[in-house]
Protein chains: 2
Amino acid sequence: MFNFDFYNPTQILFGQGQIAAIAGLIPPQARVLMTYGGGSIKQNGVYDEVKAALAGHTVLEFAGIEPNPSYETLMQAVAVVKSERIDFLLAVGGGSVVDGTKFIAAATLHEGEAWDILAKGGKIVEAALPFGTVLTLPATGSEMNGSAVITRKATQEKRSFMSRKVYPKFSVLDPSKTFTLPLRQVGNGVVDAFAHVMEQYLTYPVNASVQDRFAEGILLTLIEEGPKALSHPDDYDVRANVMWSATLALNGLIGVGVPQDWSTHAIGHELTALYELDHAQTLAIILPSMLRVRKQAKRAKLLQYAARVWGLDGGDEEGRIEAAIARTEFFFRHMGVKTRLADYGLNHASVDAVVSALEAHGMTALGEQREVTPAVSRKVLELSL
Amino acid sequence: MFNFDFYNPTQILFGQGQIAAIAGLIPPQARVLMTYGGGSIKQNGVYDEVKAALAGHTVLEFAGIEPNPSYETLMQAVAVVKSERIDFLLAVGGGSVVDGTKFIAAATLHEGEAWDILAKGGKIVEAALPFGTVLTLPATGSEMNGSAVITRKATQEKRSFMSRKVYPKFSVLDPSKTFTLPLRQVGNGVVDAFAHVMEQYLTYPVNASVQDRFAEGILLTLIEEGPKALSHPDDYDVRANVMWSATLALNGLIGVGVPQDWSTHAIGHELTALYELDHAQTLAIILPSMLRVRKQAKRAKLLQYAARVWGLDGGDEEGRIEAAIARTEFFFRHMGVKTRLADYGLNHASVDAVVSALEAHGMTALGEQREVTPAVSRKVLELSL
């Protein structure tokens, strides 16, 4: 096991009716800016519940944070925060709203060019406004970590940043608020969480037994519960298991003391920036091919994954590995997320474009061994056609 | 799944050499009181490393916190903290030193009778001195939670308290510092962590899939790694897995949203208070009998435990359940912890004494269903003779 430094101070209020508790978690005198997206929270009742909970507070609103939240939109929010002397942010929505709100929180208190926060991956963040979240879409895990991904529309760049200053103070997770999600978002969320686990688990063994068991536990839960979330949309326990799994997939815990990959995400981000594919769609396309191309480097963990997650422990090793990857692919499609570039109308030309973008952004030595060069990325993309 | 509120802000610095990092985590102007036990930290090098790391700080010392830390000793420490105007505590040792330090931290700032903190289970704790820990013995999980157990020698009472004010600011876990632990403490630690998981896992199902998988993951790790810690004392990864498992067994995570038992601990505490058995010894005695006596109430989870933890999924259900309990018992003995009251020289008279003590302390409706009455406790104890 590698040395590690784990810290995660986000308070999680989980369950039906928990939105009412937020009033006690935001200072009574705070000027609150509620940030949200396209308005689905007005249809599912979350908007009204939040407003009711904050009846005693001063609450302003900033709507319109888009999927793959844009730097351009967020800088408008920063201007509102400054002019309205906001001192607490409340993100209400999915991962994009939470990610965007983290950037607003950091950019507001950053002196100098706000883009530098993203250009330098968050290292220069010295302070951030406090904020909480009310999560409506289980997927990214952003509700319990210090990371965010932001897109600059002008240049088609998708960049992430990470800082201990942008952990949410609290996050409210009410599974019943996810009953009415569109199936596409449910499927995307499960695939996203699954891929998050795989980036931290499917590398090479370092004798980190508990981390492996926890990772496998989340994967098994997503495999068992994900399809039920599609077929029984208002089963509370199913939604609760999916929601908590997605949070635990990326709250730092399963990634401590182990090597991490993240090359699938890096390639996927370019696909989203260039072609506006959903984040989860890019992961469903890239991950299976990445596992096939890097089969030798990931061999020991692929066999462990085959045995413990898919129950494949007989027969020859090559066959087990291929079967485990094929089941992964099938699971993604079963969740309604297609796994080939061609499924999204993309062809060879996109391979060149994505490889060029990776090179332009310095993404030339990805993965747990830094061996995913542009040539390897090309191979992965070609296998995904 | 039940609703829950999870919060755990303790920073964990894990791995070889991490003691050096504590200087950066304690305010430079702080007057630090280093608390420890009987001096084993002077033999294993931890004392010297801590002193070296804090060379630039003002550090006073309070030694002599005993196993099952006593109210009487800790109140002496509180007097030192007050007279020396201490503003940061550093617990260096095992769970007893950490528990004791939590009480010192809370009692120092408590106005009124300090015993009330324990009498009221921590509810009245409004503030506590900040403190960190350097853990030398993986077992109790106290390094990453807000709980402590304290014994009042004068009255033979063992009481616990819990408060969000007494989470350690940080805990340093260096597995290499556990190489030289006496085997008895290694075995005790593994049994203690195992029992912590069982109290949160082996109840009745509430469809909390991830919590179950995580609990099973810790149990499997302890079963695989625990015996290796005895046979290969200086295998770093084995020690790391045991240490991290013990922390995760009681940092709150596996217990969120699920029913919890803790009746084994309640009975065990009386055994320790009356006969000075090691905490883990009492758990090894009580837990198997508790599972047998409450077999019907715990039936579904016992079958799940048998299948997922011990691989027992064939044959009749009664047989599987008994086999799983027998293996649990064997595992405790394999870790060097005996599982019968008679092994410790106790007989029928102790049954009466423990039941009377439970009644005197109001422990008359224990367990996840509150159905462990004194009569049930008696049955459990008799089965443990």
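The legends below describe close-up views of a predicted model. Local features need pLDDT of at least 70, side-chain atom pairs count only at pLDDT 80 or more, and totals for chains, interfaces and linings use all residues. Residues are numbered from 1 along each chain as its sequence is written, chains are lettered from A in the order in which they are written, and side-chain values use heavy atoms, with hydrogens and water left out.

**View 1. The contact between chain A and chain B.** Chain A and chain B each give 41 residues to the contact (heavy atoms within 4.5 Å). About 3400 Å² is buried between the two chains, 56% of it from carbon and sulfur atoms; buried area is the accessible area (1.4 Å probe) lost on putting two parts together, summed over both.

**View 2. A salt bridge between the chains.** A:R213 forms a salt bridge with B:E224, with 2.7 Å between the closest N and O atoms. The term requires a side-chain nitrogen of Lys or Arg within 4 Å of a carboxyl oxygen of Asp or Glu. Two salt bridges are counted between chain A and chain B.

View 3. β1(A) pairs with β2 (residues 11-14) of chain B in the antiparallel sense over three bridges. Strands are DSSP runs of E, at least two residues, and pairing needs at least two bridges. A:F4 stands opposite B:F14 in β2(B).

View 4. B:V380 lies in helix α14 (residues 374-383) of chain B, a helix being a DSSP run of H or I, at least four residues. B:V380 is buried, at 0% relative accessible area (buried means under 20%, with a 1.4 Å probe and protein chains only). Leaving aside residues up to four places away in sequence, B:V380 touches B:I286, B:S289, B:M290 and B:V293.

Methods. Buried means under 20% relative accessible area, exposed over 50%, partly exposed in between (1.4 Å probe, protein chains only).
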